Each structure stands twice: as structure tokens, then as C-alpha cells.
Amino acid sequence: MKILFIISNLANGGAERVISTLCDEFSKMGDTCEILYFEQNSGYYEYKATLTHLPLYEKYEKGGILNKLSKFWHKLSKFWRINKAIKKSNSNAVISMLDQTNINVLISSFFAPKSVIISEHTDERELKSRFWRAMRRLLYPRAKALVVLNESEKNYYNFSKNAKVIYNPLNADFLSPRIPANKENIVLCVGRLESVKNYEFYLKSLALISPDLRKNWRFIIAGDGSQKERLLALNNELKIGAEFIGHAKNTKELYAKASILALPSKSECLPNVLIESIGFYCARISTPTAGASELITHAKDGIIASELEFAKALEQLMSDERLRASLAKNALRRLADFEPAKIAFKYKELILS
């Protein structure tokens with residue numbers, strides 16, 4: 001069987017990591033994969049697949065009737081070009097990733113005899129444009145199946161037939177539990193320094209924690225983004241002493257040292273950090289996003305706290321080593337849910353259904 005994945009950009013995102021892992025697992029099953037992408041390949045992940053670049057978003061100089069006509073024709077012809085690429089791949093199934101790409105693929109494959117499975121990896125509210133939201137509602141029911149990451153998203157997409165919750169596969173490096181001997185008093189955050197990650201709220205929450213307790217802990221934030229300067233200024237203003245270390249290439253080392261993994265996000269679909277940190281015995285605390293509710297049973301294998309309760313809950317977690325150990329131990333039971341072979345098999349079942 002040949003499977004065609006379609007995605008706009010091969011960068012370092014979660015969808016790209018999922019494709020890389022699935023291609024690896026499908027190859028073990030004897031299947032072949034091709035990846036059709038429209039923008040750039042950063043080379044961040046390795047893919048056991050044929051990579052096909054279809055440049056749909058070339059830049060044009062401003063002004064000039066010919067440039068405007070060329071740009072218009074290029075946009076209009078993209079559906080025909082995607083359709084042609086799908087047919088040329090001669091694949092048995094198409095798996096499209098992320099909202100606008102899904103819409104483009106569904107339009108392009110309107111008359112193509114292909115089984116198109118679409119996959120969503122972000123909170124449905126992240127798509128702001130009314131036009132694109134309307135197109136999503138109109139076209140998603142045409143897909144053979146829709147893969148989402150949590151039950152909340154499945155309920156939202158009740159207008160789309162055959163919506164299935166399939167988790168992201170976890171990289172094999174994170175599947176074997178490790179009992180770190182060198183746990184430190186570190187509260188770790190991993191994520192982009194953008195508004196959706198809610199770090200401004202997080203820093204203000206830290207300021208509410210007892211200074212006597214806070215001075216015995218380090219607060220490490222791994223990530224880069226457009227809010228960096230603003231957050232650094234707030235960190236200094238509040239005298240938190242949080243450490244902004246930028247993008248971390250090896251998060252495993254951070255998980256191994258940290259006692260607590262904190263996720264203060266406004267919205268999350270299925271946050272990788274709440275999954276990856278399990279095998280490193282990190283006690284997890286998160287705001288009540290759809291993804292956190294999917295991954296944490298409150299007070300059993302993690303803590304879910306509203307913005308009003310977050311500082312108090314984090315303070316309790318920092319003060320109680322026994323509670324941290326209990327939450328971390330109970331969370332280990334979830335690791336099996338993210339085994340790559342199990343996730344690939346669920347996709348295969350969907351393809352063959």
C-alpha cells in the first residue's frame with residue numbers, strides 16, 4: 001500500500017513529527033509513503049518517504065498588470081496542480097494535515113477517486129477567518145474521515161462524518177520510563193513565547209507564591225517567540241528570576257532534571273510536553289484546556305487548575321514532595337496510549353475501513 005501525506009510546510013512542528021513517526025511505522029508494515037509539501041523543508045525531521053515539493057506560494061513583485069494576472073492565475077490553478085500531484089502519486093490513501101491544507105486538498109480532490117483522510121492538530125478556535133471557518137464546515141463532511149486529538153474537538157466537529165480521536169504517537173526515546181536520580185527543584189515550561197501559551201499570566205502567578213518557597217526553586221522556560229522581550233521585562237519587574245533559555249534542542253535533559261512540568265496555556269489540543277514528560281517522572285500541572293483534560297485525571301496523575309487557582313495549586317505541588325511522586329508514578333500508566341505502532345495501526349484501520 002502507498003500512502004500520500006500532504007502538508008503545507010515541513011518545519012519542526014507537531015504535525016511534521018507525527019508524519020515522520022507514521023512513515024517509519026508504515027515502512028515496518030511494508031507500506032510506502034510519499035510526502036507532498038508546498039513550502040519549505042527545514043530538514044528538522046527525517047522521513048522514510050519520498051519527498052515531493054509542489055511550490056504553491058511563490059512570491060510576486062508588487063504592481064504591474066502581468067504580475068497581478070500571474071499571481072491570480074497561480075492561486076486559481078493551485079487546485080488543479082494539487083489534483084494532478086495526487087493522481088501522479090498513484091497512492092491508495094491520502095492523509096492531509098492541518099486546516100487550510102485540508103480545505104485545499106478537499107477542493108482539489110473533488111473529482112479525484114481518492115480516499116482523503118484529514119487530520120486536525122490545533123484547537124478549532126485557532127482558525128480565526130470567517131471565510132476559512134465556513135469552508136471548513138462546508139467541506140469537512142466530504143472527507144472519508146477526520147482525525148482529531150481529543151473528545152472536545154470530536155464533539156465540535158459533529159458536522160463531519162466519521163470523526164475519530166487518534167492520539168499523536170510518542171517518539172520512542174520518550175517511551176521507556178526513567179527514574180532520574182538527580183531531580184532538582186525545577187518548575188519547567190516548554191513552549192513558544194506566544195500569547196496562546198499564556199506566560200504573562202504564568203509569571204504573575206509565580207509572583208503570588210510565597211517568596212520563602214520560591215527562593216528554593218528554579219523556574220525554567222524553554223522556548224522562543226514574539227513575546228520574549230515583553231516577558232523578560234515582566235520577569236524583571238516582578239523579580240521572579242525565571243530563566244529564559246530559548247529553544248531547547250534536547251528537552252529530555254530538562255525533563256530529567258525538572259520535578260514539575262507546568263503548562264499555563266490558553267488552549268491546547270494534545271500538548272506534547274504533557275506526554276513527553278511522563279516518562280521522566282515530572283509532576284504535571286496545567287490550566288484546563290481540552291488537551292490537558294484528555295491527558296490528565298485531576299489529582300490522580302496531574303493537576304488541572306483554573307487561572308484563579310493556578311498559583312495556589314502550584315505552590316502546594318512545590319511544597320509536597322510526596323504528592324509530586326504520587327502524581328508522577330500514576331501518570332506512567334498513560335504511556336502505552338502513545339506507542340507509535342498502536343497509533344499507526346489505528347490510522348491503517350481507518351484507511352482500510
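Which residue forms a salt bridge with Asp123? Arg125 does, and the closest N and O atoms of the pair are 2.8 Å apart. A salt bridge here is a side-chain nitrogen of Lys or Arg within 4 Å of a carboxyl oxygen of Asp or Glu.

This is a predicted model, where local features need pLDDT of at least 70, side-chain atom pairs count only at pLDDT 80 or more, and totals for chains, interfaces and linings use all residues. Residues are numbered from 1 along each chain as its sequence is written, and side-chain values use heavy atoms, with hydrogens and water left out.

## Salt bridges

The structure holds 17 salt bridges. Three of them are described here, beginning with the opening pair. Arg125 is partly exposed, at 48% relative accessibility. Asp123 is buried, with a relative accessible area of 6%. Buried means under 20% relative accessible area, exposed means over 50%, and partly exposed lies in between (1.4 Å probe, protein chains only).

| Salt bridge | N to O distance |
|---|---|
| Arg125 and Asp123 | 2.8 Å |
| Glu34 and Lys2 | 2.9 Å |
| Asp301 and Arg284 | 3.8 Å |

The side chains of Glu34 and Lys2 meet in a salt bridge. This pair links distant parts of the chain, 32 residues apart. Glu34 sits in strand β2 (residues 32–37), and Lys2 in strand β1 (residues 2–7). Helices (H or I, at least four residues) and strands (E, at least two) are DSSP runs, numbered from the N terminus. Glu34 counts as buried, at 9% relative accessibility. Lys2 is partly exposed, at 22% relative accessible area.

Asp301 forms a salt bridge with Arg284. Their link also spans distant parts of the chain, 17 residues apart. Asp301 lies in the loop between α11 (290–295) and β13 (303–304), while Arg284 belongs to strand β12 (residues 283–286). Both Asp301 and Arg284 are buried. Elsewhere, salt bridges that share partners join Asp24, Glu25, Lys28 and Lys48 into one network.

## Nonpolar cores

A nonpolar core is a set of buried Ala, Val, Leu, Ile, Met, Phe, Trp, Tyr and Cys residues joined through side-chain atoms within 4.5 Å. The largest such core has 59 residues. Phe5, Leu188 and Tyr255 have the most contacts inside it. Helix α1 (residues 14–28) gives the most to this core, with six residues.

What does Leu188 touch, not counting residues up to four places away in sequence? Its partners are Ile220, Leu254, Tyr255, Ala258, Ile260, Leu261 and Ala262. Contact means heavy atoms within 4.5 Å. A second, separate core has 30 residues, including Cys189, Ala262, Ala283 and Phe310.

## Helix pairs

Two packed helices are described by the angle between their axes and the distance between the axes. Axes are lines fitted to C-alpha atoms, for helices over the stretch in contact, and angles run from 0 to 180 degrees between N-to-C directions.

Take helix α3 (residues 99–108) and helix α4 (residues 130–139). Their axes come within 10 Å and cross at roughly 50 degrees. That makes α3 oblique to α4. Angles under 35 degrees count as roughly parallel, over 145 as roughly antiparallel, 65 to 115 as roughly perpendicular and the rest as oblique. In this pair, Gln100, Ile103, Asn104, Leu106 and Ile107 of α3 meet Trp132, Met135, Arg136 and Leu139 of α4.

Helix α12 (residues 310–319) and helix α13 (residues 321–331) pack at an angle of about 100 degrees, with their axes 5 Å apart. So α12 is roughly perpendicular to α13. On the α12 side, the contact is made by Gln316, Leu317, Met318 and Ser319. On the α13 side, Glu321, Leu323, Arg324 and Leu327 take part.

## Loop residues

Most residues other than glycine have a negative phi. Asn90 has a positive phi, near 55 degrees. Asn90 lies in the loop between α2 (65–89) and β4 (93–97). Asn198 also has a positive phi, near 65 degrees. Asn198 is in the loop between β8 (186–190) and α6 (199–206). Is each one buried or exposed? Asn90 counts as exposed, at 60% relative accessibility, whereas Asn198 is buried, at 7% relative accessible area.

Tyr281 lies in the loop between α10 (272–276) and β12. Tyr281 counts as partly exposed, at 22% relative accessibility. Tyr281 and Leu327 are 46 residues apart in sequence and 8.5 Å apart in space, C-alpha to C-alpha. Leaving out residues up to four places away in sequence, Tyr281 touches residues including Pro177, Arg178, Ser259 and Leu332.
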